[in-house]
Amino acid sequence: MLGKHCIKTWCASQGLFALSGAEAEFYAMVEGVARAKDLLNFASELGFTEDSHAVHVGRDRSAAKSFVSRRGLGKMRHLEIIDLWLQKAVREGKVLVHRVLGA
């Protein structure tokens, strides 16, 4: 929403099946950050400028934070390689990961 105007909507179904809670949260982070980056680009096209274009994402599992903070698959060998762009974005400071309460 921008004021009282709906700027963008979307609908998604479950695309991948996660084998652990950390993996499920990683997939959710990938989807959320991709959508946020899309909205940042759209806002930039409308003329809105910010000093920081970093995306802030919340997570409640430490396993998901440790996974996006390292390089490579580690023990999660069945992930799609294409989703590892999030690790690079976190390393470069384009995505900031914060802890939120799971309750």
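This is a predicted model: local features need pLDDT of at least 70, side-chain atom pairs count only at pLDDT 80 or more; totals for chains, interfaces and linings use all residues.
Student: In what order do the elements of the protein chain run from the N terminus on?
Tutor: Helices (H or I, at least four residues) and strands (E, at least two) are DSSP runs, numbered from the N terminus. The protein chain has three helices and two strands. From the N terminus on, their order is α-β-α-α-β.

Student: What percentage of the residues of the protein chain count as buried?
Tutor: Buried means under 20% relative accessible area, exposed means over 50%, and partly exposed lies in between, with a 1.4 Å probe and protein chains only. The protein chain has 103 residues, and the share of them that counts as buried is 25%.

Student: Of the contacts in the protein chain with a separation of 6 or more, what share is between residues 24 or more positions apart?
Tutor: A contact means heavy atoms within 4.5 Å. Among the contacts with a separation of 6 or more, the share from residues 24 or more positions apart is 68%.

Student: Is the crossing of α1 and α2 left-handed or right-handed?
Tutor: Helix α1 covers residues 21-45 and helix α2 residues 62-69; their axes come within 8 Å and cross at roughly 60°. Axes are lines fitted to C-alpha atoms, for helices over the stretch in contact, and angles run from 0 to 180 degrees between N-to-C directions. The angle makes α1 oblique to α2, given that under 35 degrees counts as roughly parallel, over 145 as roughly antiparallel, 65 to 115 as roughly perpendicular and the rest as oblique. A crossing is left-handed if the near helix is turned anticlockwise from the far one by less than a right angle, and right-handed if clockwise; the crossing of α1 and α2 is right-handed.

Student: How many residues of the contact of α1 with α2 are nonpolar?
Tutor: From α1, the residues A22, E25, F26 and M29 meet A63, A64, F67 and V68 of α2. Ala, Val, Leu, Ile, Met, Phe, Trp, Tyr, Cys and Pro count as nonpolar, Asp, Glu, Lys and Arg as charged, and the others, Gly among them, as polar. The contact has one charged residue and no polar ones, and its nonpolar residues number seven.

Student: Why is the pair of F26 and Y27 called tilted?
Tutor: The structure holds one aromatic pair. The ring centres of F26 and Y27 are 6.0 Å apart and their planes stand at 45°. Rings of Phe, Tyr and Trp (its six-membered ring) pair if their centres lie within 6.5 Å; planes under 30 degrees apart count as stacked, over 60 as edge-to-face and the rest as tilted. The angle of 45° therefore makes the pair tilted.

Student: Which residues does L79 contact beyond its neighbours within four places in sequence?
Tutor: L79 lies in the loop between α2 and α3 and is buried at 6% relative accessibility. The C-alpha atoms of L79 and E23 are 8.2 Å apart, although 56 residues separate them along the chain. The contacts of L79 are E23, F26, Y27, F67 and L73.

Student: What is the relative accessible area of Q87?
Tutor: Q87 belongs to helix α3, residues 85-91. Not counting residues up to four places away in sequence, Q87 touches F67, V68, R70, R71 and G72. Q87 is buried, and its relative accessible area is 2%.

Definitions and conventions: Residues are numbered from 1 along each chain as its sequence is written. Side-chain values use heavy atoms; hydrogens and water are left out.
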